[in-house]
Amino acid sequence: MVDKNFCMSSYLAFRYVEDSGKDFFEGIHHETFKPIPDRERRAVAAPDEIDRIIQEQMDALSGEKLGLMLSGGMDSAILACYMRGCDAYTFRFLGGAYQQEELHRAEYYAAQNEMRLHYVDVSWEATVEPHLETVLQAKGAPVHSIEPQIRQAALQAKQDGVTRMVIGESSDLIFGGMDQLLACDWSLDGFMKRYMFTDPAAVLREPVDMRYLFERYRLEGDKIDFLRFMDHVFSIESSSSYLNAFQTAGLPYTDPYAVLKMRDPLDLNRVRSGEAKYLIRALFAKKYPDIPIPAKIPMPRPVDAYFENWEGPVRHEFQKGLDMKQFSGNQKWQLYCLEKFLDLHEPEEEAG
């Protein structure tokens, strides 16, 4: 069924449309990503088990020409150790002036594993303008800000002859890398305020309350089962971005972490004391014993620079007079992307 107001609110709150039975427009359908079922995932409790299962998966891909999406973080650095001599693709922003430390670490990992390092130079002109409309149309909904640049990297790799890309996207969620969301035992209201990417009520003229999704995970005493919420909700939002971008490029990909799960409950005390992803940290230390464990940095994208002077959306679905200074670069991307998607399918002669 068509429910544009619901879809707009869901995208702003969760970065995806949570209900696959509701669409923005007639004839424009989106599909909700379905993660690997828990029963099909392999339980691990030690770094050596993770090591062995990743190696098994990489051995099974021996007939392919592989490429690796290589960042400066632990997850892709570990995967590089199984891909010696392969091609690696690293995002470079603003001529290398943006997040230089992250870029230098990726260069180090590539050199250590004798990989052919390719830079994917990301900019508004090279990334957003040529790729945004394609990922919007394919998803049938607005997209995450990483999708145009993932598609750009996939097409570049495909041109180089790569037949399958390897990514490490799922590790954060599976092994306790979302340390800010794991920082305390949240109240339902506190977690809802912290988790929502952009509050629909702050920007839309006819917002739909998204509280119902948080209520599914309510515990006694106004608490929320935030671990289960993240396993269900965040996993869909995150993985669907990669799936859509790679599909539009026609390049298959493998995430070796996606088939794993923790055998033992996540030790929140260790995460909260600074050992986020403690099993992955131990595996990284084994693979790179001579360098310190890197700090976690989300996949960079220069959205603050993109929207520094943007005056905001003008379509009638949005509230008038929004103060763009109160929104982060990622929130501005959501507003821009939502308006762009609406314009593609329901152009307005005049906003107002």
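In this predicted model, R15 belongs to the loop that runs from helix 1 (4-14) to strand 1 (42-44). R15 is not a glycine, yet its phi is positive, at about 65°. Most residues other than glycine have a negative phi. The relative accessible area of R15 is 13%; because this is under 20%, R15 is buried. The charged end of R15 sits over the ring of F197, 3.9 Å from the ring centre.

F197 leads on to the aromatic residues. One aromatic cluster is formed by F14, W186, F191, Y195, F197, F214, Y217, F226 and F229. The structure as a whole holds 30 aromatic pairs. A pair of aromatic rings is described by the distance of the centres and the angle of the planes. For Y195 and F197, the centres are 5.5 Å apart and the planes stand at 65°, so this pair is edge-to-face. Y195 is buried, with 3% relative accessibility. Y306 and F307 also make an edge-to-face pair, with 6.4 Å from centre to centre and 85° between the planes. F307 is buried at 3% relative accessibility.

K277 is in the loop between helix 11 (268-272) and helix 12 (278-287). Its relative accessibility is 5%, so K277 counts as buried.

Five strands form an open sheet in the order 4-3-2-5-8, with parallel pairing. Strand 4 (116-122) and strand 8 (253-254) are at the edges; each has a single partner strand, so one side of each has no neighbour in the sheet. Further in, strand 2 (residues 66-69) and strand 3 (residues 87-93) run parallel and are joined by three bridges. L68 has A88 of strand 3 as its bridge partner. R92 lies over the face of Y119, 4.0 Å from the ring centre.

Helix 6 (residues 147-159) is the last stop. From first C-alpha to last, its 13 residues reach 18 Å, close to the 18 Å expected at 1.5 Å a residue. Which residues of helix 6 are buried? They are E147, P148, Q149, I150, R151, Q152, A153, A154 and A157. Just after helix 6 comes G161, which takes a positive phi of about 95°.

Note on methods
Residues numbered from 1 in each chain as written. Predicted model: local features only at pLDDT ≥ 70, side-chain atom pairs only at ≥ 80, totals over all residues. Heavy atoms only, no water. Pairing = 2+ DSSP bridges. Helix = DSSP H or I, 4+ residues; strand = E, 2+ residues; numbered from the N terminus. Expected span 1.5 Å × (residues − 1). Buried < 20%, exposed > 50% of the residue type's maximum accessible area, 1.4 Å probe, protein only. Phe/Tyr/Trp six-rings, centres within 6.5 Å; stacked < 30°, edge-to-face > 60°. Lys NZ or Arg CZ within 6 Å of the ring centre and 35° of its normal.
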